[in-house]
Amino acid sequence: MKKTILHLLPVLSLLAAVPAQAQFKLGVTAGLNISKLSVNDDECKKYVDKIRPGFVVGPTAIYTIPKTGLGIDASALFDLRGAKSKTISDSKAVTCTSLQVPVNLRFGSQIGDMVYGFVFTGPQWGFGLGSKESVLAEGIGKTTGHEMERRWVNRSTAFSWNFGLGGVVLEKLQVRVSYNLALRKTAEIQQVDLVDGSKTRVLADGKAHACQIALSYLF
């Protein structure tokens, strides 16, 4: 929590400096997550080598400062992303559900009479929801003869960064495309001995990235 507050301080300072004439809008966002999970171990990559679609949905707030092109947007999004092996037929799917809070600095300009185009970048904080674990594979240990599982175990928090561009049509409909890059590990792949549960071994660290296409309706 302390790290999250420290990350938010520059954003809060910027919000405090927004002039009174700034425009404020609320909206609802929904979109598609094209998830990409990565791990730092070659042998474990086979479990998450297939890109799977997910989604995001939630409220969005936008501040814009007239005549400057500058603005800030923030959202609270329910986020579903995951992956599955394309080489192991009996491998289970990985599922990551979380509350994601992106806060982006944006810069844009009017394009004709109907469209306002912009680019944006900023930090994103993630807070895990639901089950933390997904079973990747099951089997019998070669040396112990015990039943074993390999699991994707999500961390309770995550920190990532967004880069993207978009446009607002008739001040009501916002479309944007972005890439969400995980800056620190979001999960571990663990091997668990089901007979002796205390024997757990970390096989790899994992990160959950995503390309996102989102549509917002602004009130």
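Reader: Which residues have the most contacts inside the largest nonpolar core?

Author: In soluble globular proteins, nonpolar side chains tend to be buried together. A nonpolar core here is a set of buried Ala, Val, Leu, Ile, Met, Phe, Trp, Tyr and Cys residues joined through side-chain atoms within 4.5 Å, where buried means under 20% relative accessible area, exposed over 50%, and partly exposed in between (1.4 Å probe, protein chains only). In this structure the largest such core has 16 residues, and those with the most contacts inside it are Leu37, Val39, Cys44, Val48, Val94, Trp152 and Ile189. The largest share of this core, three residues, comes from strand S13 (200–218), strands being DSSP runs of E of at least two residues, numbered from the N terminus. A second, separate core of five residues includes Ile62, Phe118, Phe120 and Val168.

This is a predicted model, in which local features need pLDDT of at least 70 and side-chain atom pairs count only at pLDDT 80 or more, while totals for chains, interfaces and linings use all residues. Residues are numbered from 1 along each chain as its sequence is written, and side-chain values use heavy atoms, with hydrogens and water left out.

Reader: Is Cys44 buried or exposed, and how many disulfides does the structure hold?

Author: Cys44 counts as buried because its relative accessibility is 1%, whereas Cys211, with a relative accessible area of 30%, is partly exposed. The structure holds zero disulfides, a disulfide being a pair of cysteine sulfur atoms within 2.5 Å.

Notes:
Helix = DSSP H or I, 4+ residues; strand = E, 2+ residues; numbered from the N terminus.
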